[in-house]
Amino acid sequence: MKMAMRAALAAISFAAPALAFSAPPGHAQSKRSLELAGQLYERAAVAAQIQPIPAQFEQGLRDYRDKIPSEVIAVLVEAGKKSFAEPALRGDIVSAIAQKMNAGDIGRTLAWLDTSAGRRVTLAEARGAASMSQETMQAYFEGEKKKPPNPRRDGMIAALIKATKSVEIGAGFIEATSLGIAVGMDATQPVEKRIGVAGLRARLRAVMPPEKLRADIGAMLPPMFGYVYRDTSDADLAAYVKFSSSPLGKRYNGAVSAALIGALARASVRVGEMLPTAAEKKQI
């Protein structure tokens with residue numbers, strides 16, 4: 001893909017001077033927003049949040065190992081890993097952020113992320129996402145039981161969860177990976193027996209009612225946020241809550257959450273689209 005892009009760039013290089021003078025202002029603004037959105041994706045450590053998804057997709061297929069052939073599982077895992085891989089999601093997310101935020105808002109958000117507090121909380125998020133496991137979480141919970149209650153800290157965590165739309169993002173992650181597994185399973189069936197994406201969405205909503213899913217996630221997030229920001233000072237956490245709750249922070253969180261959920265939803269559908277090619281390779 002990179003070679004094709006380089007060839008295309010080489011082909012239009014002679015026209016670049018003319019394009020530079022004739023491109024409409026909207027094009028230049030769009031290009032600038034896209035560049036800034038790419039910087040925001042990197043500075044906000046979005047990659048760290050979505051990197052675990054392929055492994056979670058594979059984990060979700062383990063329940064089917066006794067129900068369908070192992071070679072089918074292998075093909076589904078391969079398709080899911082490709083569709084939900086961070087490089088496959090990045091362009092979609094960056095493009096969506098650029099469409100939902102103007103260059104000025106992105107620039108101001110980058111400026112906040114570049115503050116000392118912004119850098120520290122982003123580092124905490126990246127480290128938390130990379131280190132979170134059942135074992136580390138259990139050890140954290142056991143340690144917290146020995147500490148006295150901290151209502152002020154708990155209040156800031158609750159405010160941050162609300163401001164960053166984390167319940168909706170968490171639900172989007174689960175719904176997308178669940179749909180991806182269902183789409184992949186459906187694609188292994190004969191054409192006349194397939195349910196289709198719309199039907200699968202309806203079935204998943206019946207099994208996982210949106211309201212209950214979000215209530216369950218809302219109950220799970222406070223201890224998870226406590227783990228992620230366990231080494232973050234009260235001052236940094238308060239600064240993060242203040243930014244996230246500001247008009248700019250709300251626009252930023254709204255744009256990122258919508259970009260993430262949209263990209264994941266499209267990735268779940270791609271699992272089924274990728275499956276025939278993967279199945280042919282595995283000779284299913």
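Guide: In this predicted model, a contact means heavy atoms within 4.5 Å. Among contacts in the chain between residues at least 6 apart in sequence, 84% join residues at least 24 apart.

Visitor: How many helices and strands are there in the chain?

Guide: The chain has 16 helices and zero strands. Of its 284 residues, 39% are buried.

Visitor: Which residues have the most contacts inside the largest nonpolar core?

Guide: They are Leu40, Ile50, Phe84, Ile93, Ile97, Ile106 and Tyr229, in a core of 68 residues. Helix H16, residues 247–282, gives the most to this core, with 11 residues. Apart from this core lies another, of five residues, which include Leu179, Ala182, Val183 and Leu200.

Visitor: What is Ile106 in contact with, leaving aside neighbours within four places in sequence?

Guide: Ile106 is in contact with Ser33, Leu36, Ala37, Leu40, Ile97 and Met101.

Visitor: Turning to Ser83, is this residue buried or exposed?

Guide: Ser83 has a relative accessible area of 0%, and is therefore buried, since buried means under 20%. Ser83 is found in helix H6, residues 70–83.

Visitor: And what does Ser83 touch?

Guide: Not counting residues up to four places away in sequence, Ser83 touches Ala88, Leu89, Ala267, Ser268, Arg270, Val271 and Met274.

Visitor: Now the helix pairs. At what angle do H12 and H13 pack?

Guide: Helix H12, residues 166–187, and helix H13, residues 197–207, pack at about 130 degrees, with their axes 10 Å apart. That angle makes H12 oblique to H13. Their crossing is right-handed.

Visitor: Which residues meet there?

Guide: From H12, Ser178, Leu179, Ala182, Val183 and Asp186 meet Val197, Leu200, Arg201 and Leu204 in H13. By class, this contact of H12 with H13 has six nonpolar, one polar and two charged residues.

Visitor: What about H11 and H15: how far apart are their axes?

Guide: The axes of helix H11, residues 151–163, and helix H15, residues 234–245, are 9 Å apart, and the helices pack at an angle of about 30 degrees. H11 and H15 are therefore roughly parallel to each other, as angles under 35 degrees count as roughly parallel. The crossing of H11 and H15 is left-handed.

Visitor: Which residues make that contact?

Guide: H11 contributes Arg152, Arg153, Met156, Ile157, Ala159, Leu160 and Ala163, while H15 contributes Asp234, Leu237, Ala238, Tyr240, Val241, Ser244 and Ser245. The residues of the contact of H11 with H15 divide into nine nonpolar, two polar and three charged.

Definitions and conventions. Residues are numbered from 1 along each chain as its sequence is written. This is a predicted model: local features need pLDDT of at least 70, side-chain atom pairs count only at pLDDT 80 or more; totals for chains, interfaces and linings use all residues. Side-chain values use heavy atoms; hydrogens and water are left out. A nonpolar core is a set of buried Ala, Val, Leu, Ile, Met, Phe, Trp, Tyr and Cys residues joined through side-chain atoms within 4.5 Å. Buried means under 20% relative accessible area, exposed over 50%, partly exposed in between (1.4 Å probe, protein chains only). Helices (H or I, at least four residues) and strands (E, at least two) are DSSP runs, numbered from the N terminus. Axes are lines fitted to C-alpha atoms, for helices over the stretch in contact, and angles run from 0 to 180 degrees between N-to-C directions. Angles under 35 degrees count as roughly parallel, over 145 as roughly antiparallel, 65 to 115 as roughly perpendicular and the rest as oblique. A crossing is left-handed if the near helix is turned anticlockwise from the far one by less than a right angle, and right-handed if clockwise. Ala, Val, Leu, Ile, Met, Phe, Trp, Tyr, Cys and Pro count as nonpolar, Asp, Glu, Lys and Arg as charged, and the others, Gly among them, as polar.
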